[in-house]
Amino acid sequence: MHCSKCRKKALKVAAVAYGVTSVALHGPEKDKLMILGDGVDAACLTEALRKKLCQSSIEIVEEVKDTPKPVDPPKPPSPQIIICQPQPFEYYRVVPDPTPAPCTIM
């Protein structure tokens, strides 16, 4: 890549390719792309770059093995505070009618 316009085009093409997680310029003259991803089809990516830039080639394809991250010990469950409130009681009282009704037919 000999100009900044070509670099921008190449970065755009590589960034939208399937499986690509990061794209960076690499090399002493920043003329090479370093593409990281999972399941990237190198041949299809090279073909797409050739269509846009008229020149591209694959130099190195390698599988990067990540070192496993240390597993954090499981955290103990946080204590749950349960507040029990007594249920309110309802009191009823039967109050007799102080004055009987004047009608006694019923």
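A contact here means heavy atoms within 4.5 Å. The model is predicted, so local features need pLDDT of at least 70, side-chain atom pairs count only at pLDDT 80 or more, and totals for chains, interfaces and linings use all residues. Residues are numbered from 1 along each chain as its sequence is written, and side-chain values use heavy atoms, with hydrogens and water left out.

**Exercise 1.** Describe the overall make-up of the protein, from its elements to its contacts.

*Solution.* Start with the elements: helices (H or I, at least four residues) and strands (E, at least two) are DSSP runs, numbered from the N terminus. The protein has 2 helices and 2 strands, in the order α-β-β-α from the N terminus on. Next, take burial, where buried means under 20% relative accessible area, exposed over 50%, and partly exposed in between (1.4 Å probe, protein chains only). Of the 106 residues, 8% count as buried. Finally, look at the contacts between residues at least 6 apart in sequence: 24% of them join residues at least 24 apart.

**Exercise 2.** Work out which residues of helix 2 are buried and what they pack against.

*Solution.* Helix 2 spans residues 42-53. Its buried residues are L45, T46, L49 and L53. They sit on the same side of helix 2, because they cover an arc of only 100° around the axis (taken from the directions from the helix axis to the C-beta atoms). An α-helix has 3.6 residues a turn, so residues three or four places apart point the same way. The partners of this buried set are helix 1 (4-15) and strand 2 (32-37). Turn to the other side of helix 2 and you find A43 and K51 exposed.

**Exercise 3.** Find where K30 lies and describe its phi.

*Solution.* K30 belongs to the loop between strand 1 (20-26) and strand 2. Its phi is near 55°, a positive value in a residue other than glycine. K30 is partly exposed, at a relative accessible area of 45%.

**Exercise 4.** Say which element gives the most to the lining of the largest pocket, and how the lining divides by residue type.

*Solution.* Strand 2 gives the most, with 6 residues. Helix 1, strand 1, strand 2 and helix 2 each supply at least two. By type, the lining residues divide into 16 nonpolar (Ala, Val, Leu, Ile, Met, Phe, Trp, Tyr, Cys and Pro), 7 charged (Asp, Glu, Lys and Arg) and 9 polar (the others, Gly among them).

Note on methods: The expected span of a helix is 1.5 Å times one less than its number of residues.
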